[in-house]
Amino acid sequence: MKSVIKHILIISLVATITTDNIFAQKKKTARVQVGYFKNYDKAEHLVATLIVKEKRYVPLSNGVIHFYSVSDTSRVLLSKIHTDNDGKAVFIINDDNPKIIKGPSGVFTFEVEYEGNSSVNAAKRKIAIKRGDLEVSFFQKDSTKSIEVSATEIGLNDQIIPIEGVNILLYVQGTFSLLNFGKEKTDENGIIHIDFPTDMPGDTTGVLTIVAKIDDNKTFGTIESRGEMNWGIPIEPVKEKQRGLGDTDAPLWMVYTLIILLSAVWFHYLYVIFLIVKIKLVNGSI
Amino acid sequence: MENKEKKQTRRKFFFKTATAAIGAISTAGIVTQSCKKKVEEGETVSLLSPDGTLVEVDKANISMAKMPAQGKEARAGIPNKKFVMVIDLARCRNARKCVTNCQKMHDLEPGDEWIKVFLMQDSNDTAPYWFPKPCFHCNQPPCVKVCPVGATYKRTDGLVLVDNERCIGCKFCMTACPYSSRVFQWKDPVHENQADHDYSPETSVPHKVGTVGKCDFCPDMARMGKLPTCVTGCPNGVIFFGDKNEDIVTNGTESFRFSELVYERAGYHFMAELGTEPNVYYLPPVDRLFDYKTGFKTLTNEQKEFYKKSIVKKH
Amino acid sequence: MDLDQKSTRTLNYFVPQMVTISKSGILQLSILILFIMGGFYALYIQIVDGHIVTGMRDNVVWGLYIANFIFFIGISYAGALISGILHLLRVEWRHPIIRIAEIITIISTIIGPAYILLCMGRLDRLHHLVLYGRIQSPIIWDVLAISTYLIGSIIFLYLATIRDLAALRDYPFKSKWRHTLYKFFAVNFNGNSKQNRYLERGLNIMSAIIIPLAVLVHSVLAWIFGMTLRPGWHSTIFAPYFVVAAVFSGTGVLIIALWVFRKYYHLESYITKIHFNYLGIILMILGALYAYFTFSEYLTSWYGSETWEMEVLYKLFDPHEYWWWFFFAAIVGVVVPILVILIPQFRSINSITAVSVIAVFALWVKRYLIIIPTLETPLLPLQDMRPEYIHYTPTAIEWLLTFAGVAMFCFLFFLFSKFLPIVSVVKGEEGTNYAELRKTVMQRIIKRT
């Protein structure tokens, strides 16, 4: 009898421990980050990034992000988008989307929300942006090449207002990244002037892409504009090397040496074989 | 179901899912890296543009992107590029992310490392430092010279690649390489879902038994405007990669003019006296961000002992 | 073909041995076949499981196989250089030994390259050498040189046996196939003056051409190592060093082979002490030359004391690593043969053979020491957690294939001895021919002046 009780005790103990464990399992903290981007082709989009705390924050893929347009009084669902492998979900802002609400003084407010699941907590984040624009123009006087960038924003009644005192960065587009070569604050007309470096290489014809950017601004998000100019130093087109130790074809001296050596030897072989044939043929008297 | 960051190699992912590009949004082909699931749902697909931002487009606008180059194209190289790597020894603390990322992307077995991190000490009186070493993609590559069948070759964009469908496994290149950059496939490769990939010297997978493999500078990624996986994996921004013709190198977050960087930081070639003219430059380990000892943190005790023992000795 | 008395006697002596096999012969043969089968088994395992079954890994990518390759190509020098030179110099005592030397050449030139094939990861892609061959690669040089050398050696051996083949054709064998075989290969040779003249001309050409070719083959082989930027390999004297080492070991193997056949076939009346003495003296001179190269090689790298050269030297001189092997290969294997042959009182058939065995073994070890310590000393530190990637230990598979190679060498020798007398039966008439040659040369010189 005692042993039975003992067993029951143990079983219930084990049960409590396991159920405790299930209840003790805490949900993981999630975070959504959101940014506004305007590409050089004027396409506007919101990028939401969903991350979850493991040891450190890691992206969560295939999570559903709800995009809302928000005003003081209302909240309209714009779209539900799954996050990709990097935990990113992208919503494209179309000018003619009737669901997007324009707030006072041209401010748009969006909210992104992740509703969570059994193991991950919910998370949301708001972003308020003004829609701006960048215009890049190029000037060349003698040897000085200069770039003018003008920054504007769209007011409440769709009028265009210059942005003053915003940082504009200038880059050259590389294969893998942008290379910064200038940074300036806009004046009261929303304009900056920056000289282009004289020693920047371009492609084989000297063409390179110049990028102007408002980067991760609190009010305007990220706005990008670009233009192509032949201001670079043309690079020599890369030609395939001819005949070397490391190339497909061998150096000529090597080819000739080999041919001479081999043919000298093989000529003698053939001659000796010819001699053997002659031995066979002169089957005469001794 | 939501699952955590998929434990797939990125390279595998490209092949498995619809590798797609669109012409609708930008002139430069934008390539997707999205979930398979979304494609099935038929609504939208998230795409990554060459400048690294994501855009969302309708599935109908998607067409298949270029696969990694094959045949002649894979032997010729990306036109008018000259790939170059700069490794800042002052930043390395042996986090080993370059190694593991590379192993993941190239389906390498544990122990097989295409980029290695050595613990170096130039003399008994000088401080040890960590030394990440990929293939140097030399301009005078001893391995290419000796290959009897041209299975390893030099391209116009500076890369030295291996065609493991031509390699006869003589291992001459392995003895010729003074930098121990080459790895032989001693047994049948254990590959997960590799068989359904087409092989290209630009991806270096799938491996084949009895052939040689090595660091390839990830040219398949470069074709998509993406950095090699060791560069993006490094948490300390140690490795810079770029095009010498453009004179820009980047570690993913910072970009420099290549010429200025190696000039100002006294960049050098490792064992330049061998005359191999590497395309990998090192920045000396001065004003270091970390003490070299922090590099032991990521290691097991066994590894620690081992590193300490095998540090370069001067007799 | 008319034979003189001595030739007839020789022929009558050898033919019975060619057509029969003794009981002990069958036993020895089956042991050889057992070893060869063991090799095939090992080869099967290696093909199925990949090269993981060998001791080779990423640092030591070449091991026993390449050491065997150099060794066998080395002993192939026995025939090429020695018989070539002896023929050109019309050395009279060469006749009983020249056949054995040439057979050694051919067999080892067949077995040697087989080891390269064993070392190749993809045997199924051998045809890529033809499809995509790059003549900048020393491996292609090697392929061309060795195949040319092998064919040259076969032609040389064939020319030197035509007279014997003719004699065998005329010998009343019981079996018909032997008749057909010898008749075909004897190319109607009946010793008339024209045929003799053609034959001598062919022999002169071949023996003259085989000498530079042999030198070239071993130089190319050395360049496979010399062309790399590796300590202990990247040396300008590597080519002549390999050539000298090869003739040294080739002469050693020739002496051993002579001793074995002398005992086995009771050739005491054909192979005499004179042959051992002469070959012993050649061995001694080559040993001294080899010692000079060895000394020069290691003195230079020690004196210059470049970091990596020193790393290799330290390994060779470290009693915990390779010192005793190095001591045997570079000192014992040279000094003992030289001393024993130098002092006339020590000189005997058995002692000369014994020191040849020592020299041949030492040379094999030397090849191992050329390859392994260098590959175990890469220019970057060996920071690998896998011990088998740091130190090379040959596996049973590699040893099986090594022994199979030696067994194959003996087996092929045995086969040859069943088709041809291993001592040449019919002497040529080069004496008259030589005079004729000298006459024509003189006439040309006179014409010019």
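This text walks through a predicted model, taking chain A, chain B, a pocket in chain C and a cavity in turn.

Residues are numbered from 1 along each chain as its sequence is written, chains are lettered from A and ligands numbered from 1 in the order in which they are written, and side-chain values use heavy atoms, with hydrogens and water left out. Because the model is predicted, local features need pLDDT of at least 70 and side-chain atom pairs count only at pLDDT 80 or more, while totals for chains, interfaces and linings use all residues.

Chain A has two helices and 16 strands. Helices (H or I, at least four residues) and strands (E, at least two) are DSSP runs, numbered from the N terminus. Of the 286 residues in chain A, 42% are buried; buried means under 20% relative accessible area, exposed over 50%, and partly exposed in between, with a 1.4 Å probe and protein chains only. Contact means heavy atoms within 4.5 Å. Among contacts in chain A between residues at least 6 apart in sequence, 50% join residues at least 24 apart.

Strands of a sheet pair through backbone hydrogen bonds, either parallel or antiparallel. Here two strands pair if DSSP finds at least two bridges between them. In chain A, an open sheet is made of four strands in the order β5-β4-β7-β8, with antiparallel pairing. Its edge strands, β5 (75-82) and β8 (123-130) of chain A, each pair on one side only. On average, neighbouring strands of this sheet are turned by 20° against each other, direction ignored. For such angles, axes are lines fitted to C-alpha atoms (for helices over the stretch in contact), and the values run from 0 to 180 degrees between N-to-C directions. Within the sheet, strand β4 (residues 64-70) of chain A is joined by six bridges to the antiparallel strand β7 (residues 107-114) of chain A. A:Ile65 is placed opposite A:Tyr114 in β7(A).

Further along chain A comes strand β12 (residues 167-173), where five of the seven residues are buried. A hairpin of four residues joins β12(A) to β13(A). The two strands, β12(A) and strand β13 (residues 178-185) of chain A, pair in the antiparallel sense over seven bridges, and A:Asn167 stands opposite A:Lys185 in β13(A). β12(A) also pairs with strand β15 (residues 208-217) of chain A, in the antiparallel sense over four bridges. There A:Tyr171 has A:Val211 in β15(A) as its bridge partner.

A loop residue of chain A can be followed next. A:Asn230 lies between β16 (221-229) and α2 (252-281) of chain A. A:Asn230 and A:Val207 are 23 residues apart in sequence, yet their C-alpha atoms are 3.8 Å apart in space. Leaving aside neighbours within four places in sequence, A:Asn230 is in contact with A:Thr205, A:Gly206 and A:Val207.

Chain B contains an open sheet of five strands with mixed pairing, in the order β15-β14-β13-β6-β16. The edge strands of this sheet are β15 (255-257) and β16 (280-283) of chain B, each of which pairs on one side only. Its neighbouring strands are turned by 25° against each other on average, direction ignored. One pairing in the parallel sense links strand β6 (residues 83-88) of chain B to β16(B) over four bridges; B:Ile87 stands opposite B:Tyr282 in β16(B).

On a 1 Å grid over the protein atoms alone, a cavity is a set of points where a 1.4 Å probe fits but cannot get out, and a pocket is an open set with protein on both sides within 12 Å along at least five of seven lines; lining residues have an atom within 4 Å of a point. Grid points are joined across faces, edges and corners, and a volume is the space filled by probe spheres set on the points.

The second largest pocket holds about 1100 Å³ of space. Its lining has 33 residues, and those nearest its centre are C:Ile256, C:Val406, C:Ala407, C:Phe409 and C:Cys410. α15(C) gives the most to this lining, with ten residues. By class, the lining has 28 nonpolar, five polar and no charged residues. Ala, Val, Leu, Ile, Met, Phe, Trp, Tyr, Cys and Pro count as nonpolar, Asp, Glu, Lys and Arg as charged, and the others, Gly among them, as polar.

The whole structure has twelve cavities of 30 Å³ or more. The second largest cavity holds about 140 Å³, and its lining has seven nonpolar, six polar and three charged residues.
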